[in-house]
Amino acid sequence: MSSPSTAEQPDTDDIRRQKQELRMKIRAAMKELREDEVMEQSSMVWKRVVELPIYKSARTVGLFLSMPKCEINTDFILKECIQSGKEIYVPEVGKNFELCHMELRKVILKEEEIPPDGMFHKVWPTNKWKIPEPPADMPVVAAKPGDIDLLIMPGLGFDRTRNRLGQGKGYYDRFIERMAEGGHALPLVAVALKPQLIEGSIPVASYDRPMDMVVLPDEVI
């Protein structure tokens with residue numbers, strides 16, 4: 001597991017400004033990717049992920065469901081997790097976005113609810129960002145510390161010291177802190193497309209935790 005980042009700095013207005021400038025640059029670069037490029041790079045990333053020993057040994061995986069655009073597509077790994085018999089936990093933000101609170105809920109489905117292509121989430125309701133979330137009739141089992149063997153992390157940007165730049169709401173920062181209560185280990189494997197790896201360093205604050213790995217289409221950091 002990673003130790004606190006050596007680049008850690010106080011959380012100042014200057015750091016927040018730098019993060020916002022980086023977000024604008026990365027979002028602009030991601031918008032330049034064609035859909036076929038997103039799918040090709042996504043496939044390359046997931047082929048690397050499934051070969052990781054930490055993925056192979058994980059019984060339970062926390063996995064985000066991708067946004068419609070400007071993000072790595074998670075359909076491949078979702079289907080692979082199902083076929084491998086892994087238990088999956090997916091995010092639920094709910095309707096009160098101002099709370100910036102997120103749970104990861106265990107995916108509990110009846111056999112007849114899983115279509116042949118494994119894409120059960122395509123019929124789920126979507127939140128403010130058009131991301132599928134668990135339906136109201138699915139049993140509610142929220143992740144507790146120790147429940148998740150591997151958390152596959154989204155992010156807007158990353159650097160070569162595995163620092164992560166999120167979307168700015170702090171959902172994952174708070175969730176990771178809760179899951180670490182009691183000294184529980186939570187391996188963090190981030191995934192990203194090529195434009196999301198920046199030159200230089202991402203400014204970090206006291207609550208920013210570096211990733212254990214960052215998986216890209218052509219390398220693992």
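Strand E8 and strand E9 (residues 219-220) pair in the antiparallel sense, over two bridges. Two strands count as paired if DSSP finds at least two bridges between them. Helices (H or I, at least four residues) and strands (E, at least two) are DSSP runs, numbered from the N terminus. In this pairing, Val215 stands opposite Val220 in E9. Two residues sit between E8 and E9, and the two strands form a hairpin.

A quick word on the model. It is predicted, so local features need pLDDT of at least 70 and side-chain atom pairs count only at pLDDT 80 or more, while totals for chains, interfaces and linings use all residues. Residues are numbered from 1 along each chain as its sequence is written, and side-chain values use heavy atoms, with hydrogens and water left out.

Back to E8. Which strand pairs with E8 in the parallel sense? That is strand E7 (residues 188-191), which pairs with E8 (residues 213-216) over three bridges. Here Ala190 has Val214 in E8 as its bridge partner.

Next, the core. A nonpolar core is a set of buried Ala, Val, Leu, Ile, Met, Phe, Trp, Tyr and Cys residues joined through side-chain atoms within 4.5 Å. Buried means under 20% relative accessible area, exposed over 50%, partly exposed in between (1.4 Å probe, protein chains only). The largest core here has 61 residues. Those with the most contacts inside it include Val49, Tyr55, Ile77 and Val191. Helix H5 gives the largest share of this core, five residues.

Take Tyr55. Contact means heavy atoms within 4.5 Å. Not counting residues up to four places away in sequence, Tyr55 touches, among others, Val49, Ile77, Glu80 and Lys86. Lys86 also lies over the face of Tyr55, at 4.6 Å from the ring centre. The rule for that: NZ of Lys or CZ of Arg within 6 Å of the ring centre and within 35 degrees of the ring normal.

Now the aromatics. How many aromatic pairs does a search of the whole structure find? Two. Rings of Phe, Tyr and Trp (its six-membered ring) pair if their centres lie within 6.5 Å; planes under 30 degrees apart count as stacked, over 60 as edge-to-face, the rest as tilted. Phe120 and Trp124 are tilted, at 5.1 Å centre to centre and 55° between the planes. Phe120 has 3% relative accessibility, so it counts as buried. Trp124 is buried too, at 8%.

Trp129 and Tyr171 are edge-to-face, at 6.2 Å and 80°. This pair links distant parts of the chain, 42 residues apart. Trp129 is partly exposed because its relative accessibility is 30%. Tyr171 is buried, at 11%.
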